[in-house]
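Have your viewer ready and try each task before reading on.

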Amino acid sequence: PGHSLSTVTAGTVTAHEGDDPSCPPHSYSVRQGFVDPGGDRVHLLRIEGAVEARTLAVQLIPAGAAQRIDAPASPYRGC
C-alpha cells in the first residue's frame, strides 16, 4: 500500500513489471537500490541465478495496513 525502498545486499534480483506486456527485466545487484512506489503497481521480484540474493527493504506504509497485497497472476506470459 505504500512505498518500499530496497537495496540489494547479496546476489542479483530481477524485477518484472506486471502492467507491461513486454515484461522487460530490470536487474539489480549488490549496492544497487530501487523504489517500489506501492499503490496498485504490480511487480514480481525473482532470483534468476544460482547465487542466493538478499535485499534490505524499508516499507513506508500506513499504520495497520498489510505489508503485502497479492495480485492475480499476470496475463502476460513470462512475467
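**Exercise 1.** Is R46 buried, partly exposed or exposed?

*Solution.* Before we start, a word on the ground rules. This is a predicted model, in which local features need pLDDT of at least 70 and side-chain atom pairs count only at pLDDT 80 or more, while totals for chains, interfaces and linings use all residues. Residues are numbered from 1 along each chain as its sequence is written, and side-chain values use heavy atoms, with hydrogens and water left out.

Step 1: recall the classes. Buried means under 20% relative accessible area, exposed means over 50%, and partly exposed lies in between (1.4 Å probe, protein chains only).

Step 2: apply them. R46 has a relative accessible area of 29%, so this residue is partly exposed.

**Exercise 2.** How many salt bridges does a search of the whole structure find? List the partners, and classify each by accessibility.

*Solution.* A salt bridge needs a side-chain nitrogen of Lys or Arg within 4 Å of a carboxyl oxygen of Asp or Glu. As background, side chains of opposite charge can pair when their charged atoms come close.

Step 1: run the search. Two salt bridges turn up in the whole structure. One of them links the side chains of R46 and E48, with 3.7 Å from N to O. Another links R54 and E52, at 3.4 Å from N to O.

Step 2: classify the partners. E48 is partly exposed because its relative accessibility is 48%. R54, at 49%, is partly exposed, and E52, at 53%, counts as exposed.

**Exercise 3.** Where does H16 sit, and what surrounds this residue?

*Solution.* Step 1: find the element. H16 belongs to strand β2, which covers residues 12-17. Strands (E, at least two residues) and helices (H or I, at least four) are DSSP runs numbered from the N terminus.

Step 1: check the accessibility. H16 has a relative accessible area of 6%, so this residue is buried.

Step 2: look for contacts, meaning heavy atoms within 4.5 Å. With neighbours within four places in sequence left aside, H16 touches C23, P24, P25, V42, H43, L44, R46 and E48.

Step 3: look for polar partners. A polar contact is a pair of N or O atoms within 3.5 Å; within protein, one must be able to donate a hydrogen and the other to accept it, and residues adjacent in sequence count only if both atoms are side-chain atoms. The side chains of H16 and E48 make such a contact at 3.1 Å. E48 is also the salt-bridge partner of R46.

**Exercise 4.** What is the strand order in the open sheet that contains β2?

*Solution.* Step 1: define pairing. Two strands pair if DSSP finds at least two bridges between them. In general, strands of a sheet pair through backbone hydrogen bonds, either parallel or antiparallel.

Step 1: read the order. The three strands run β3-β2-β5, with antiparallel pairing. At the edges are β3 and β5 (43-46), each pairing on one side only. The twist averages 25° from one strand to the next, using axes that are lines fitted to C-alpha atoms (for helices over the stretch in contact) and angles from 0 to 180 degrees between N-to-C directions.

Step 2: zoom in on β2 and β5. Four bridges hold this antiparallel pair, and T14 stands opposite R46 in β5.
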